[in-house]
Amino acid sequence: QVQLVESGGGLVQPGGSLKLSCAASGIVFRVYVMGWYRQAPGKQRELVADITSGGTTNYADSVKGRFTISRDNAKNTVYLQMNSLKPEDTAVYYCNAYISGFQSSGFWGQGTQVTVSS
């Protein structure tokens, strides 16, 4: 049974930082592309960042220079370090895992809420 369990969300003031974690089980983690998506109220889910099995990263323009995605294959965990947070970063953040070329067959976590507000 595949499980992706996110943690680390919460309430933070503008300019603050949070680090999200996603622990995976039931998959051969090291071969999966791992990604973070977010969905704000009334908006579509969008890609925030992803990282390939080889460590190549990709970021949405809106988070470049502020967010960093990383993975620890020994711990089956992917991270999202979020700095200089803005109110528009408020959303539910979801972890995603898929094998390259088979994105439609990927797996999702349950999501973790990030709220940026003073």
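The structure is a predicted model, in which local features need pLDDT of at least 70, side-chain atom pairs count only at pLDDT 80 or more, and totals for chains, interfaces and linings use all residues. Residues are numbered from 1 along each chain as its sequence is written, and side-chain values use heavy atoms, with hydrogens and water left out.

**The nonpolar core**

In soluble globular proteins, nonpolar side chains tend to be buried together. A nonpolar core is a set of buried Ala, Val, Leu, Ile, Met, Phe, Trp, Tyr and Cys residues joined through side-chain atoms within 4.5 Å. Buried means under 20% relative accessible area, exposed means over 50%, and partly exposed lies in between (1.4 Å probe, protein chains only). The largest such core here has 29 residues, and M34, W36, V78, L80, M82 and Y93 have the most contacts inside it. At least two residues of this core come from each of the strands β3 (18–25), β4 (33–39), β5 (46–51), β7 (67–72), β8 (77–82), β9 (91–98) and β11 (112–116). Strands are DSSP runs (E, at least two residues), numbered from the N terminus.

Contact means heavy atoms within 4.5 Å. When residues up to four places away in sequence are not counted, V78 touches several residues, among them L20, F29, M34, W36, I51, I69 and C95.

E6 belongs to strand β1 (residues 3–7). A polar atom of the E6 side chain lies 3.0 Å from the backbone nitrogen of Q110, and one lies 2.9 Å from the backbone nitrogen of G111. Leaving aside neighbours within four places in sequence, the contacts of E6 include W36, Y93, C95 and T112.

**Aromatic pairs**

A pair of aromatic rings is described by the distance of the centres and the angle of the planes. Rings of Phe, Tyr and Trp (its six-membered ring) pair if their centres lie within 6.5 Å; planes under 30 degrees apart count as stacked, over 60 as edge-to-face and the rest as tilted. By this rule there are 2 aromatic pairs. The rings of Y32 and F107 have centres 6.4 Å apart and planes at 45 degrees, so this pair is tilted. Y32 lies in the loop between β3 and β4 and F107 in strand β10 (residues 107–108), 75 residues apart. Y37 and W108 form an edge-to-face pair, with 5.0 Å between the centres and 70 degrees between the planes. This pair joins strand β4 to strand β10, across 71 residues.

**Salt bridges**

A salt bridge is a side-chain nitrogen of Lys or Arg within 4 Å of a carboxyl oxygen of Asp or Glu. The count comes to 4 salt bridges, including those tabulated here.

| Residues | Closest N to O distance |
|---|---|
| D61 and K64 | 3.1 Å |
| R66 and D89 | 2.8 Å |

R66 stands in the loop between β6 (57–59) and β7, and D89 in the loop between β8 and β9, 23 residues apart. R66 is buried at 11% relative accessible area, and D89 is buried at 1%. R38 is also buried, at 6%, whereas E46 is partly exposed at 35%. D61 is exposed, at 65%. Salt bridges link R38, E46, R66 and D89 in a network.

Technical notes. Helix = DSSP H or I, 4+ residues; strand = E, 2+ residues; numbered from the N terminus. Polar contact = N/O pair within 3.5 Å; in protein donor to acceptor, adjacent residues only side chain to side chain.
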